[in-house]
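Open the model in your viewer and keep the selection tool ready. We will go from stop to stop.

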Amino acid sequence: MKKILILSHQGLGDIIVSIPIYKAVNERYPNAVITATVKTNTESELLRTQELADKFLYLNTPNMSKWEKLMWISNIMFKRYDYIVAPFGININMSILLRFLSLSKYIVASYNNSLQKNLINKPVAFHRYAKRVYNNQQIASIFIENANNYLPRLKVIPSNILNKFQLNKDQKYIAIHPGTGCLEKHKRWGGLKYAELITLLLKDNSSHFLILGIPNEKDICNEIILNIKNKKRVTNLVGKTTINETIEILSKCSYLISADSGIMHIASAVNLTTFSIFGPTAISLGAPYWNNGKTISSLPPCAPCYPDKLLGCKDPVCMQNVTVDMVYNSIKVME
């Protein structure tokens with residue numbers, strides 16, 4: 001029985017765009033034990049319920065002490081995986097180090113230079129300006145032919161979600177995700193702008209708005225609620241849903257409005273139309289891959305700057321210069 005380690009600890013969005021790799025590995029080796037590195041229980045729950053991975057190693061390097069990092073390394077030593085797979089965006093030098101520490105047979109990864117290429121058993125060339133999904137499809141092609149047919153799709157696990165939150169199945173819903181996780185707050189658009197946009201959209205139709213997010217995004221979501229007069233048509237679900245409930249809720253919405261976030265990628269993976277506000281991130285790399293989506297950006301000369309400036313800059317004009325009218329007009333054209 002083969003043992004395969006897939007490095008997926010960069011965040012929820014990166015796991016979504018890595019799904020082609022997981023699916024290719026599962027099809028090539030249906031009886032293999034697949035272990036994934038993850039940051040939180042949210043990622044492990046997603047991979048487990050989607051039947052993509054079996055075991056999980058928690059790796060959240062920004063929040064780990066030196067002692068915790070040493071303990072993590074000692075835990076992976078001599079594991080002897082048949083393959084270590086590094087999706088696009090994973091630190092290649094780290095994946096090479098893990099391969100030698102674990103005494104694993106092969107490493108499958110893209111490379112940035114000739115030295116890395118010589119240390120990778122199955123190197124994959126990547127296109128610097130192509131979307132991450134495409135590059136991950138090239139990695140998936142190591143395991144199975146026609147890997148371009150593998151898209152980041154998620155199955156919806158039905159539950160009693162509408163009754164749980166007292167939602168009407170005949171109502172039209174629009175999802176809003178104003179947060180962008182813990183470390184990348186510079187990618188956020190701003191609570192007041194979301195509130196102004198929702199106010200405009202409330203005048204146009206009878207839709208009900210669902211605000212989604214994780215607990216540490218409550219501040220920006222509360223700011224939105226505070227600045228909307230017609231609160232009866234807005235439901236705040238921040239911190240109240242599991243990852244699978246979030247997937248199901250998105251599958252019942254008409255479209256999602258968000259910045260570049262993991263929930264944006266989840267929406268795309270259930271074929272929901274997305275209106276995504278981009279600033280620091282390159283649209284060519286991070287935009288949803290295949291759904292009927294629209295990206296909105298002010299495109300200043302300094303953008304994109306991510307991941308070179310991982311935590312953003314002091315003057316994020318790329319997000320500030322995106323006006324409410326820009327987003328509103330994009331939505332009205334598509335509706």
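Are Asp-170 and Lys-169 buried or exposed? Select the pair: both residues are exposed. This is a predicted model. Now show the two side chains. Asp-170 and Lys-169 form a salt bridge, with the closest N and O atoms 3.6 Å apart. Side chains of opposite charge can pair when their charged atoms come close. The count for this model is seven salt bridges. Here are two others.

**Next stop: Glu-51 and Lys-155.** Select both. Their side chains meet in a salt bridge, 3.1 Å from N to O. This pair links distant parts of the chain, 104 residues apart. Glu-51 sits in the loop between helix H3 and strand E3. Lys-155 sits in the loop between helix H7 and helix H8. Glu-51 counts as exposed, because its relative accessibility is 58%. Lys-155, at 37%, is partly exposed.

**Then Lys-332 and Asp-204.** This salt bridge spans 3.3 Å, N to O. Find Lys-332 in helix H15 and Asp-204 in helix H9. They are 128 residues apart. Both ends are partly exposed: Lys-332 has 31% relative accessibility, and Asp-204 has 34%.

**Last stop: Arg-188.** Look in the loop between strand E7 and helix H9. Why does Arg-188 count as buried? Its relative accessibility is 16%, and buried means under 20%. Now select its contacts. Arg-188 touches, among others, Pro-178, Thr-180, Asn-216, Glu-217 and Met-319. Finally, pick Arg-80. Its C-alpha atom is separated from that of Arg-188 by 41 Å. Along the chain, Arg-188 and Arg-80 are 108 residues apart.

Methods. Residues are numbered from 1 along each chain as its sequence is written. This is a predicted model: local features need pLDDT of at least 70, side-chain atom pairs count only at pLDDT 80 or more; totals for chains, interfaces and linings use all residues. Side-chain values use heavy atoms; hydrogens and water are left out. Helices (H or I, at least four residues) and strands (E, at least two) are DSSP runs, numbered from the N terminus. Buried means under 20% relative accessible area, exposed over 50%, partly exposed in between (1.4 Å probe, protein chains only). Contact means heavy atoms within 4.5 Å. A salt bridge is a side-chain nitrogen of Lys or Arg within 4 Å of a carboxyl oxygen of Asp or Glu. Lists of a residue's contacts leave out its neighbours within four places in sequence.
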